[in-house]
Amino acid sequence: EEALQCYMDSLDVKLKVLGPDHADVANTVENIGVIFAQQGKYDLALDKMKEALEIRSRALGADHVDVSSTQYKMALVYEEKQEYKMALSYCEQALSKAAKAMGIDHPEVQKRSLVRDRLISKA
């Protein structure tokens, strides 16, 4: 709860200083989502991650690797919710963007590929 409050306070400051469409705002919003996911509050986590995804897409472009990172985290949350088709959809989007940005041999791309394969077996 203390970490969550710190991020919420940070978000308030960043919104005032940077405005709502800044990549740093998206980072903080996503971190709030990660905390919610760790607490098992998956719907709240996804709400925050979707908000971060929208901000990042506007601020950085839809194909940016940070957009891919958010999509990957969303895939993991959907997997926790046992919504495997949604998880697979987000994971495939994340994998495609990451492969374009980092190359197919990058460890992060390989990790996403393994998760995709796991989700295929569950979907």
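Biologist: Where does Gln-82 lie?

Modeller: In this predicted model, Gln-82 sits in the loop between H4 and H5, helices being DSSP runs of H or I with at least four residues, as strands are runs of E with at least two, numbered from the N terminus. Local features need pLDDT of at least 70 and side-chain atom pairs count only at pLDDT 80 or more, while totals for chains, interfaces and linings use all residues. Residues are numbered from 1 along each chain as its sequence is written, and side-chain values use heavy atoms, with hydrogens and water left out.

Biologist: What makes Gln-82 count as buried or exposed?

Modeller: Its relative accessible area is 58%, and buried means under 20%, exposed over 50% and partly exposed in between, with a 1.4 Å probe and protein chains only; Gln-82 is therefore exposed. The phi of Gln-82 is near 65°, a positive value in a residue other than glycine.

Biologist: How many salt bridges does a search of the whole structure find?

Modeller: The search finds eleven, including one between Glu-108 and Lys-111, whose closest N and O atoms are 3.3 Å apart. Because Glu-108 and Lys-111 are three residues apart in helix H6, about one helical turn separates them. The side chains of Arg-116 and Asp-117 also meet in a salt bridge, at 3.1 Å from N to O. Salt bridges that share partners join Glu-30, Arg-56 and Lys-73 into one network.

Biologist: What makes the aromatic pair of Tyr-78 and Tyr-90 stacked?

Modeller: Rings of Phe, Tyr and Trp (its six-membered ring) pair if their centres lie within 6.5 Å, and planes under 30 degrees apart count as stacked, over 60 as edge-to-face and the rest as tilted; with 5.6 Å centre to centre and 10° between the planes, Tyr-78 and Tyr-90 form a stacked pair. Tyr-78 lies in helix H4 and Tyr-90 in helix H5, so the pair ties together parts that are twelve residues apart in sequence. Both tyrosines are buried.

Biologist: Which residues have the most contacts inside the largest nonpolar core?

Modeller: They are Val-29, Met-74, Val-77, Tyr-90 and Leu-119, within a core of 28 residues, where a core is a set of buried Ala, Val, Leu, Ile, Met, Phe, Trp, Tyr and Cys residues joined through side-chain atoms within 4.5 Å. The largest share of this core, seven residues, comes from H2. Leaving aside neighbours within four places in sequence, Met-74 is in contact with Leu-46, Met-49, Lys-50, Leu-53 and Tyr-90.

How values were computed. Contact = heavy atoms within 4.5 Å. Salt bridge = Lys/Arg side-chain N within 4 Å of Asp/Glu carboxyl O.
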